[in-house]
Amino acid sequence: MATEIGRDDGQAAGAFDPLKYWLILPAWLVIGFFLLAPICLVLVFSFLTKEFRGGVIWEFSLAAYDQFLFDRGLFGDEPPRIQWTYIEVFGRSIFQAGMATLLCLVIGFPTAFYIATRPRRVRAVWLFLVTVPYWVNLLIRTVSMKFLLRDSGPLNEFLLFVGVVDEPLGIVNTGLAVQLGLFYSYLPFMVLPIFATVERYDFALSEAAADLYADRWTVLRKILLPIVAPGIVAGSILVFVPSLGAFLAPDMLGGAKNFMIGSLIDEQFNGNAGNWPFGSAASMILLSLVLVALFFYARQTGRQGRA
Amino acid sequence: MKRVLCTFVLVLFATASAAQEKISIYHWFEYIPQELLDKFSEETGIEVVMDTYDSNETLLSTLKGGKLGSYDVAVPGDYMVKILISEGMLDEIMPGELANFGNIQPQWVDVDFDPGRKHSIPYQWGTTNFSVNRDAYTGDIRTTAILFDPPEVLRGKINVLDSRGELLALASLHLGIPQCTSDREQLQALDDLVQGAKQHWASFNSAGAKEVLVSGEAWVGMIWNGFAAKARAEGANIEYSYPREGMIAWMDNVVLLKDAPNRASGIKFLDFLLEPENSAAVTNYARYSSGIAGVEALLDEELLSQPEAVPPADAPSGTFVEVCDPEVDKVYDQIWTRLKQ
Amino acid sequence: MSKVAYVKRYTGFLTMTMVCLTILYAPLIIVAIYSFNSSPSIIVWEGLSLHWYWDVFFGIESGKFKTAAWNSLSIAVMASLTSTTIATAAAIGILRGRAFRGRNLSFMLISMPIMVPEIVTAVATLIFFSAIGFVLGYSSILVAHIVFCIPFAYLPIAARLRGIEPVFEEAALDLYASRGQLFRHVIFPMLLPGILAGLLLAFIVSLDDFIITNFVKGAGIETLPTAIFGAVKQGIKPNIMALSTIMLLVSIVCVTLSYLLSRVGSHGGRE
């Protein structure tokens, strides 16, 4: 998606050239006023003072970032130590998002490959099958996942009935449940870019390698993978980035022990913490992480584009 | 085609801003029956919209976060009424404004969180303890150790309320320390206690407190007494505990919020809830106890004898959650923040 | 031939595809099945019934769901129409104008709602509205939706526009067509499949949104996702499963329509 938008075709100037600024202006105004300016305001808010029992005071303060980084003890008068709890929340989010990306890759790559190698007519149908669930409301998908995985839910009932397990697998409220939820949320983002690159891949290359007595898996690893790598990278970024700030899957499937960034931020605004400056600071840190990921991605694709 | 589209959009805008006499209620979840709200609309012609929250602290932070001025009435618990008054977030109810003011049970008129009932009217009262699944655990449950130092089998199957006031008050009872103590050692002990117990807790869930017990996702659940009764009625084999260390008592109150957009509707709603018949409808639905006189005859019979409402003779009396002074409250805030992450 | 088959066929890939489809569909199908359960409990199966569908439309909570559905639908219609108009203009301006300084910046700005994590957008919008004193309510949701729908509408429109050769415009200009005529009679008809696809995408994205709506909704205003979230927090109830199944069907119908539409569209483009 990122590459789609960033593509600059430089098409011939047409009749609309004199009007171009006017045509782009509404988009500039709407996004600039209602998204760019607000994000700058979040940055400002992250440096404000939290009012006792919620709300903000317009007074400069580093308290939000201080709370994020340093532990000054229960009474706030001990010498500062590194505060690991929030770093852990971020670390956990990165880990969960990474695991979800891996899960998407392990299941999504073979799927994308399989679909891309079907005859053209059937391909569209397969692709349709894989993308349909994505268009179902995310909340409903997450709820359905929870319903299926519950201790007394259909999956456990089935496993108990068949006799595979003696007691319900406690999947809900574990990291695995969160990863499955994230997988369910963003799988098509992995499948589609990989599909696009495999579809364009010229299988004559593989044949040539096979002619030289490379076995199937060597062909896959040495010939195909390097060529479709951009698709894999794109897919991974597209899954990883939204997973990092996801709210629904960790909130509904994760329980208290799988607290992720999304819930941390939500708690500051909708929960009972009511600490807007801290929530703003956490948002800014999340945003910087995402920008770093996107920057590396842009550099990578930029390099490939030039090569 | 274009004209049809334009008309459609216009109609959308028009209906979106259609005006009617309204009331905007901010209420605890699963507490007031929809039928009662419908009845209010029918009697007064006022359109009811309601949002819900699941802890006193959420109510406070939402209102402070900019929603004050968009709701007319809310239903804070006792200590939260005191805080909202001190924050200047409640409107005053003028003497004589409520026709049914006399229906308040005498013992609930002069309460220490709102002397003389200038800002609130009583709604329902009850207790906060925990229920234990009797299929999973048959031992002694009349101790707060079930929550804070649970026996092996119950570990990891415990849900606690996502409510700072009640949880820390119950923890204080467990330790036998006064609430809002400013003693550093006691505060440290409180922090150590909840931090140590946290590893045994599966979730902080108030809205789902009933559901996790019914579905068996949790075997122990910190819960309000009426909600526990509902869970039992839905088939959970659970017993509501009356710990010897003490228990939390509370009273929810209906208040008129400052800058209410529809103050007159709010007053009508308060008067409506002061009628025994309507208060009894809430009690029958939520299974707590009403603070209005004359409801007894209108209550479901089983309500009077349900174990969640009738403590054993030797149960200690309930303790109300206290409002700490700012210095201590900041430490409480710190304990809670550390606990939640 | 056999060689091609050799390098295209990997043992286990079909299995993985099946695993993938199972994970994708099992939860939805199971919920759909349980929505026909007559029992009020979600654990026990008591037999087939349409009771919970009746409950969604006529039960005690139906009023709430109907209002929420109406809010969702009207917001999605207005947000998608507005954002598609803005996106169409922007696409023509960006792709049909001579290269200029702010062009890359414009790309970035338009794609911003996709790049920024949803929860950050939600926080930003909430803080902004409260800082400028914009009362949260129906219109705050609408504005937020218009903003994040723009890139989703832009993508298919821009893709389509790139595929239209400028020769058509040049030919029309040679025939002394005015700019208005050029747009109405040449660009718009050719761009229409892209515009419709963008409209539909924006519409679905708006219907789907939970996080941002949950932050900026005002007192008493719910959309279907926030109403469902509120209900599900207290446990998954059978009426929610019935409602989910209805929404599932609506989504599938929408996607199928757009799929067919895009096929028709691409044929039209080739002619």
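In this predicted model, helix α6 (residues 164–175) and helix α7 (residues 184–198) of chain B have axes that come within 10 Å and cross at roughly 105°. Angles of 65 to 115 degrees count as roughly perpendicular, and therefore α6(B) is roughly perpendicular to α7(B). On the α6(B) side the residues that meet the other helix are L168(B), A171(B), S172(B), H174(B) and L175(B). Their partners in α7(B) are A189(B), L190(B), L193(B) and V194(B). Sorted by class, this contact has seven nonpolar residues, two polar residues and no charged residues.

A second pair of helices is found in chain C. Helix α7 (residues 138–163) and helix α9 (residues 179–208) of chain C have axes that come within 8 Å, and the crossing angle is roughly 155°. Angles over 145 degrees count as roughly antiparallel, so α7(C) is roughly antiparallel to α9(C). The crossing of α7(C) past α9(C) is right-handed. Residues of α7(C) in this contact include H145(C), F152(C), Y154(C) and R160(C). Among those they meet in α9(C) are L191(C), P193(C), G194(C) and V205(C). The contact of α7(C) with α9(C) is made up of 16 nonpolar, four polar and one charged residues.

**Domains**

In chain A, domain 1 takes in 21–59 + 277–307, and domain 2 covers 97–259. The centres of these two domains, taken over C-alpha atoms, are separated by 29 Å. Their contact is formed by eight residues of domain 1 of chain A and seven residues of domain 2 of chain A. On the domain 1 side, five of the residues are nonpolar, three are polar and none is charged.

In chain B, domain 1 consists of 21–124 + 251–304, while domain 2 consists of 126–249 + 312–340. Here the C-alpha centres lie 26 Å apart. Domain 1 of chain B gives 14 residues to the contact and domain 2 of chain B gives 15 residues. Which elements give two or more residues to the domain 1 side of this contact? They are α3 and α4 (78–86) of chain B. The largest share, four residues, comes from α4(B). By class, the domain 1 side has five nonpolar, four polar and five charged residues.

**Contacts between chains**

Chain C touches both of the other chains. The contact of chain A with chain C takes 86 residues from chain A and 90 residues from chain C. Helix α2 (residues 20–45) of chain A supplies the largest share of the chain A side, 18 residues. That side divides into 59 nonpolar, 17 polar and 10 charged residues.

Between chain B and chain C, 21 residues of chain B are in contact with 19 residues of chain C. At least two residues of the chain B side come from each of α1 (2–16), α2 (34–44), β2 (47–53), α3 (56–67) and α8 (209–215) of chain B. The largest share of that side, four residues, is supplied by β2(B). The chain B side holds eight nonpolar, eight polar and five charged residues.

**Confidence**

The table lists the confidence by chain.

| Chain | Mean pLDDT | Residues with pLDDT of 70 or more |
|---|---|---|
| Chain A | 85 | 93% |
| Chain B | 91 | 94% |
| Chain C | 87 | 94% |

Where in chain A is confidence lowest, and where is it highest? The lowest mean, 41, belongs to helix α1 (residues 2–6) of chain A, and the highest, 94, to α2(A). The pLDDT is below 50 over residues 1–12 of chain A, and this stretch has 24 contacts in the model beyond near neighbours in sequence. Where pLDDT is low, the predicted coordinates should not be read in detail.

In chain B, confidence is lowest in α1(B), with a mean of 53. It is highest in strand β7 (residues 220–224) of chain B, at 97. The helix α1(B) is also among the elements that supply residues to the side of chain B touching chain C.

Chain C has a stretch with pLDDT below 50 at residues 267–271. Beyond near neighbours in sequence, that stretch has three contacts in the model.

Notes. Residues numbered from 1 in each chain as written. Chains lettered and ligands numbered in written order. Predicted model: local features only at pLDDT ≥ 70, side-chain atom pairs only at ≥ 80, totals over all residues. Domains from an automatic or database assignment. Contact = placed C-beta atoms within 7 Å. Nonpolar A, V, L, I, M, F, W, Y, C, P; charged D, E, K, R; others polar. Axes fitted to C-alpha atoms, helices over the stretch in contact; angles between N-to-C directions. Parallel < 35°, antiparallel > 145°, perpendicular 65-115°, else oblique. Left-handed = near helix turned anticlockwise from the far one by under 90°. pLDDT = per-residue confidence, 0-100.
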